[in-house]
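Welcome, and thanks for taking a look at this one. Here is a short briefing on the ligand surroundings and the domain layout.

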Amino acid sequence: MVKSDLFIAFATLCHVAQAGCPYMDNDARDLPASHPAVRRDESTGAPPASTDEFLAKYEIKDTDVYLTNNFGGQIEDQESLSAGERGPTLLEDFTFREKITHFDHERVPERAVHARGAGAHGVFTSYGDWANITGASFLKAPGKETPVFIRFSTVAGSRGSADTVRDVHGFAVRFYTDEGNFDVVGNNVPVFFIQDAIKFPDLIHAVKPRPDNEIPQAATGHDSAWDFFSQQPSSLHTLFWAMSGHGTIRSYRHTDGWGVHTFRFVTDEGKTKLVKFRFRTQQGKASLLWEEAQITAGKNADAHRQDLFESIEKGYFPEWVFEAQIMEEEDQLRFGFDLLDPTKIVPEDIVPFTPLGKLTLNRNPRNYFAETEQIMYQVGHVVRGIDLTEDPLLQGRLFSYLDTQLNRHNGPNFEQLPINQPRVPVHTNTRDGAGQMYIPLNVAAYSPNTLNGGSPRQANQTHGRGFFTAPNRSVGGRFTRAVSSTFADVWSQPRLFFNSLLPVEQQFLINAIRFEVAQLTSDVVKNNVLIQLNRVSHDVAVRVAEAINLKAPDADAKYYHSNTTTGVSASGEPLLKIDGLKVGYLTSSSVSGDRAAALKSALGDLNVGLVVVAERLGRGIDQIYQATFAGQFDAVVVDGSANALFAPAGSLAHSNATSPGNRTGSAHSTLYPAGRPLQILQDGYQWGKPVAVVGEGSKAFEAAGIEAGTPGVFEFGNSSDASSIVKQLSKGLYTYKFLDRYPLDQ
Ligand code: HDD
């Protein structure tokens, strides 16, 4: 019998004995053995329950049952109770009222920020025993597994906004450890806009839509956002990350997560290290181009959540390495900036990352609301072995997350929701509140007590493996409302970031700023933006100024330098995996499906999907042109036998006018919008994707203005077999974006 089974057995015995059972906590007495409060005895050290095992108790399966009301009676609810067949509905109709009342209360307030998101369950596996740097039990043994839930998000948009808007992305990770929940509530960029939490409402009010007309949704191309950015230059570094490819990620799988703040590791002996966390994507980083992201936002608002969901359904489990930059307490000011300043990175060529373990997402939520919407991350969810720092942004967040959960859930019992429950027993002296789910039996809900034998007992560093604050922390000083002088230089690091990008990424970043500032109406704001950009880089200021027809200020060289670092580019490296990528195969319903079928099978062996597109659905056809656009694919392949479909839109419009109603599937077809097949090929090329023609020649390339033989453009003759095509194409997929297609400012 394993330890946990033993515990259940004792629990059953104790159920009979009622009192004084040494193997069961008092709160848990009398609860059924399946109840979460009695599932684990902390003294056994049993691992936390697996996600399946834990959540299964809460799942409701409505298979082969009668409909009931909320209090269990079997009912019918399709017609309301009325006075006569044509008469009014009766107030007496409790079934009606209960149903509608529940419906009226179905929503909870969306998150004030990060409202739009998607999540998944997974597992964290420690690479080793890290007891020399932290007492955290989930990092205590090689191979030790801990359940996790990650929620990815955008920041500014509301819950129904599109996934692919340009934004910083939330990357919040919960570890359900065997010593309580540990949350890293991070983002996909390593820095933040402000240095003090008291400015957070200002930042968000500036970025969110205008208060009078609620425009624009999930976008920062408006005066108030850039007014704030240019008045609050601590935002420049994060802004540069957001305006680069990190703001327009291909999918949640293709981005890193960062803890942003400096935290502390504390050993069981009380020794501390300063740490910065990163979750490094094992898929490789990949971004969308701006126009691609915009069009995708309109055509498939769910692009990111769909990619995550489908990948996990198919078993392509995304992975991240959880790693830390580990520094000494004495290093706080050693690198020329303050480690407590959340607008700074520690360049990884100065302090490399130590890989601590691997995190794998392997299970989709079964109910979006119950899990993804109701998960409540808190920066204050830290476990023994991890401690906070005096970073003023972190300090303020410690207040805000708890407060916002109270608002969202109308009371303090949100930790009892299945997705929020730790996978270990909870014994508190907190009581009551809306929606209390337990029946606490301890009549002495206070400490110290004698009436309950002093239980729950206090746990601290030496007793009960309690959470403890690092003993070497101390503070002192006069009360002050001022930014620390060690936080003052907010221009050198955005420059470091810019210097470290590829020239084409720099171009995209400048294009992004041009896009944003061109939408500003205030010349004062535009000029203030140029002043701040100019402190980072005269080159950037001049290039942005040119597009909005203003003059950049004279060079302001105080913070200029030519340092670079590694690891900040979003596009510099090829992908590490191509699992779950999709290739669009553009063909015609009149063309044999053999070639497509062979390619689909060969790509399937690489975990890459082939979506066969033609004018109408049929055997071997997955989608029609009418419902297809280039943003659905990571590469586009044209079947040369379908060349006739690739006529420019203009000629089609004309042909359609002269032969209305022609639905033959030729270039004159009305089964798809004029020019759609060509458009998909052209967009695919314009958006940097590998493009290919298989079979008879390159008529489609000619029509699209694509030069054969250039990087990422493939021509496969009639004799090419599927495996040689896939070999070339997959190389293109690993490259992901062929960025030499884009001109740079002269
Ligand atoms: Fe925050 C949500 C990340 C600063 C106040 N934040 C939220 C989420 C993420 C972050 C990923 C969504 C969690 C989820 O998926 O449920 N926030 C950050 C990062 C920050 C940061 C990386 C800086 C390093 N946040 C920050 C400050 C404050 C807040 C300074 C307030 C003083 N954040 C909130 C919030 C939210 C939130 C209003 C909205 C919903 C929620 O907390 O649960 O309390």
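**Around the ligand**

Helix H10 gives the largest share of the shell around the ligand, with 6 residues. Please keep in mind that this is a predicted model.

*Ligand shell*
- The ligand is surrounded by 27 residues.
- Arg111, His114, Arg151, Gly170 and Ser400 are the closest of these.
- Sorted by class, the shell holds 14 nonpolar, 10 polar and 3 charged residues.
- Which elements each supply at least two residues of the shell? They are strand S2 (145–154), strand S3 (169–177), strand S4 (180–187) and helix H10 (392–409).

*Annotated region*
- An unreviewed UniProt entry carries the annotation "domain: Catalase core", which covers residues 68–455.

*Domains and their contact*
- The protein chain is divided into domain 1 (3–104), domain 2 (117–191 + 248–409) and domain 3 (582–741).
- Taken over C-alpha atoms, the centres of domain 2 and domain 3 are separated by 38 Å.
- Domain 2 brings 8 residues to the contact between these two, and domain 3 brings 7 residues.
- On the side of domain 2 that touches domain 3, the residues divide into 4 nonpolar, 2 polar and 2 charged.

Methods: Residues are numbered from 1 along each chain as its sequence is written. This is a predicted model: local features need pLDDT of at least 70, side-chain atom pairs count only at pLDDT 80 or more; totals for chains, interfaces and linings use all residues. UniProt positions are given in the numbering used here, feature names are shortened, and annotations may be inferred rather than shown by experiment. Domain bounds come from an automatic or database domain assignment. Ala, Val, Leu, Ile, Met, Phe, Trp, Tyr, Cys and Pro count as nonpolar, Asp, Glu, Lys and Arg as charged, and the others, Gly among them, as polar. A residue is near a molecule or strand if its C-beta atom, placed from the backbone, lies within 6 Å of it. Helices (H or I, at least four residues) and strands (E, at least two) are DSSP runs, numbered from the N terminus.
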